[in-house]
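Student: I have a model open on my screen and would like to learn how to read it. Could you take me through it feature by feature?

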Amino acid sequence: MNKNWIAIDWGTTNFRAFLMQGSQPISRISEACGLLSVEKNQFATTLHSLLQNWLVQYGNLPIVMAGMVGSQQGWHEVPYAPLPCSASDLSSRTLAFTTPWGSQAWIIPGANGISQFGQPDVMRGEEVQLLGLAARHPADQLSALLPGTHSKHAQMHNGEITSFSTYMTGEIFSLLSQHSILGRALPEQQDDKDAFLLGVKNAKQGAPFTHLIFSARTRRLTGEIPESSVHSYLSGLTIGYELLALPVGQQSWIVGSPSLSARYQLAASLLDLNLSPANGDDCFIHGLWHLFTLLQGNPS
């Protein structure tokens, strides 16, 4: 089995690569060159440019990719693996190919199913984090929240993804704060814990969402929140509203960056929820390592 290899999380807006030595990252790259910034038919050229220093030093290393790189807008479309979904299900549906410069490459398929609300749902990239979480914290039943642009609430049973639901929390916050009247003509925004918690508290009341968000304007007009704290208040509203979907008292893992996980944990403290943090990068790397061993015929 190859000692060195490359793990890649290639999303819509961001690209992250990890130079691996077995199961351990020894170097990493992070660039704002997700799918939206790559011209059609330029994925190979873009990737080779991003990885050039590693390829020169280590040769044509094997590459395992996950995320939106396998979507319709990505490098190669890879059909989703249906739920329930295990590591072996994902590895058996992974697309294998050879890059123009001679590296073995694989794209993980993502997963699809029906949400707890009866809607079709999909994920690409988060399935790898979930596998990594389950491998690091084995349990018969596991509940996890993966915050982000499209936040996921997932359930696992004995290491198998059994269900998940998507919440467009990050994207809704971005749209409201940048492209609506709520964010118009604001001064430079400051992180305001009190405004954030007020947003969570108001979300807890369970008012209709489209009514609730208008309070970001009215509370600003009445002076209840400073103009520099509108984003903090909106963040509390949107995160708080998302967390209402979790049963009161439920214990879940939150898998993400330390800063975003801490924000969710702060909101959860007002909602009688217990969110235990797990580093998103660590879970992604661990999950992709497990899949890589399966693809190499050496299950870990």
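Student: How many bridges join strand S8 to S9, and do they run parallel or antiparallel?

Tutor: A word on the source first: this is a predicted model, where local features need pLDDT of at least 70 and side-chain atom pairs count only at pLDDT 80 or more, while totals for chains, interfaces and linings use all residues. Residues are numbered from 1 along each chain as its sequence is written, and side-chain values use heavy atoms, with hydrogens and water left out. Helices (H or I, at least four residues) and strands (E, at least two) are DSSP runs numbered from the N terminus, and two strands pair if DSSP finds at least two bridges between them. Here, S8 (residues 111-114) and S9 are antiparallel and joined by four bridges. Ala 111 sits opposite Met 123 in S9.

Student: What is the strand order in the open sheet?

Tutor: The order is S5-S8-S9, three strands with mixed pairing. Strands S5 (81-82) and S9 (120-123) are at the edges with a single partner strand each, so one side of each has no neighbour in the sheet.

Student: Now the helices, please. Is H3 mostly covered or uncovered?

Tutor: Burial is judged by relative accessible area: buried is under 20%, exposed is over 50%, and partly exposed lies in between (1.4 Å probe, protein chains only). Helix H3 (residues 126-136) is mostly covered, with nine of its eleven residues buried. Among them are Val 128, Leu 130, Leu 131 and Leu 133, and also Glu 126 and Glu 127.

Student: At what angle do the axes of H3 and H10 cross?

Tutor: Two packed helices are described by the angle and the distance between their axes. The axes are lines fitted to C-alpha atoms, for helices over the stretch in contact, with angles from 0 to 180 degrees between N-to-C directions. For H3 and H10, the axes come within 7 Å and cross at roughly 90°. The two helices are therefore roughly perpendicular, a label for 65 to 115 degrees; under 35 is roughly parallel, over 145 roughly antiparallel and the rest oblique.

Student: Which residues of H3 and H10 meet?

Tutor: Contact means heavy atoms within 4.5 Å. On the H3 side, the residues include Val 128, Leu 131 and Arg 136, and on the H10 side they include Asp 282, Phe 284 and Leu 291. The residues of this contact divide into eight nonpolar, five polar and two charged. In that scheme, Ala, Val, Leu, Ile, Met, Phe, Trp, Tyr, Cys and Pro are nonpolar, Asp, Glu, Lys and Arg are charged, and the others, Gly among them, are polar.

Student: What does Ser 91 touch?

Tutor: Leaving out residues up to four places away in sequence, Ser 91 touches Leu 291, Leu 294 and Leu 295. Ser 91 lies in helix H2 (residues 87-92) and is buried at 17% relative accessible area.

Student: How many salt bridges are there?

Tutor: A salt bridge is a side-chain nitrogen of Lys or Arg within 4 Å of a carboxyl oxygen of Asp or Glu, and by this rule there are six. In one of them, Asp 281 pairs with Arg 16, their closest N and O atoms 1.9 Å apart. This pair links distant parts of the chain, helix H10 (residues 280-295) and strand S2 (residues 15-21), 265 residues apart. Asp 281 is partly exposed at 23%, whereas Arg 16 is buried at 19%.

Student: Which residue does Arg 220 pair with?

Tutor: Arg 220 forms a salt bridge with Glu 227, with 3.7 Å between the closest N and O atoms. Shared partners also join Asp 9, Arg 16, Arg 28 and Asp 281 into one network of salt bridges.
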